[in-house]
Amino acid sequence: IISYGLLHCFRTKEDASKVAGNCIDWLKPRGYLVLSTIFSDIPTDKEAHPELAGCYFPNQDAISQWFRSMKTLQAEEEVCEEAHGEGKMHRHHIFRAIFQKE
């Protein structure tokens, strides 16, 4: 399953947690989950991303809790800067991982 930019698109932690749980449930044994999400520690620029205003952004604790039953094959974090068109530069803290269901 590929969850690229999905878990930070929900309004509540409960909704994001439910989707994370569904990803695990849908995997067959030894299946893989490729995950990318924006972490919560850098505030989202509402001007650059009005569509994300009011969304819940997970933190490391939430990710660790949601995927604790899975084997972490790879995990990395990156702070990236971007601008959209003529918009101003802004930053995101991105988390990426590959998990395997055991």
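**Entry 1: leucine 7.** I looked up the contacts of leucine 7, where contact means heavy atoms within 4.5 Å. Leaving out residues up to four places away in sequence, leucine 7 touches Ala16, Val19, Ala20, Leu35, Thr37, Tyr56, Pro58, Ile63, Trp66 and Phe67. I note that this is a predicted model, in which local features need pLDDT of at least 70 and side-chain atom pairs count only at pLDDT 80 or more, while totals for chains, interfaces and linings use all residues. Residues are numbered from 1 along each chain as its sequence is written, and side-chain values use heavy atoms, with hydrogens and water left out.

**Entry 2: the cores.** A nonpolar core is a set of buried Ala, Val, Leu, Ile, Met, Phe, Trp, Tyr and Cys residues joined through side-chain atoms within 4.5 Å. Buried means under 20% relative accessible area, exposed over 50%, and partly exposed in between (1.4 Å probe, protein chains only). I found that the largest such core has 19 residues, and that Leu7, Ile63, Trp66, Phe67 and Phe99 have the most contacts inside it. Two or more residues each come from α1 (13-26), β2 (32-38), α2 (60-66) and β4 (90-101). Helices (H or I, at least four residues) and strands (E, at least two) are DSSP runs, numbered from the N terminus. The largest share, 5 residues, is from α1. Another core, of 6 residues, lies apart from it and includes Ile38, Cys55, Phe57 and Ile94. In soluble globular proteins, nonpolar side chains tend to be buried together.

**Entry 3: leucine 6.** I placed leucine 6 in the loop between β1 (2-4) and α1. Leucine 6 is partly exposed, at 32% relative accessible area. Beyond its neighbours within four places in sequence, leucine 6 is in contact with Val19 and Ser36.

**Entry 4: aromatic pairs.** Rings of Phe, Tyr and Trp (its six-membered ring) pair if their centres lie within 6.5 Å; planes under 30 degrees apart count as stacked, over 60 as edge-to-face and the rest as tilted. I searched the whole structure and got 3 aromatic pairs. One of them is stacked: phenylalanine 39 with phenylalanine 95, 5.1 Å centre to centre and 10° between the planes. Phenylalanine 39 is in the loop between β2 and α2 and phenylalanine 95 in strand β4, so the pair ties together parts 56 residues apart in sequence. Both phenylalanine 39 and phenylalanine 95 are buried.

**Entry 5: cysteines.** I looked for disulfides (cysteine sulfur atoms within 2.5 Å) and the count was 0. The sulfur of cysteine 9 is 5.9 Å from its closest cysteine sulfur, in cysteine 55, which is too far for a bond.
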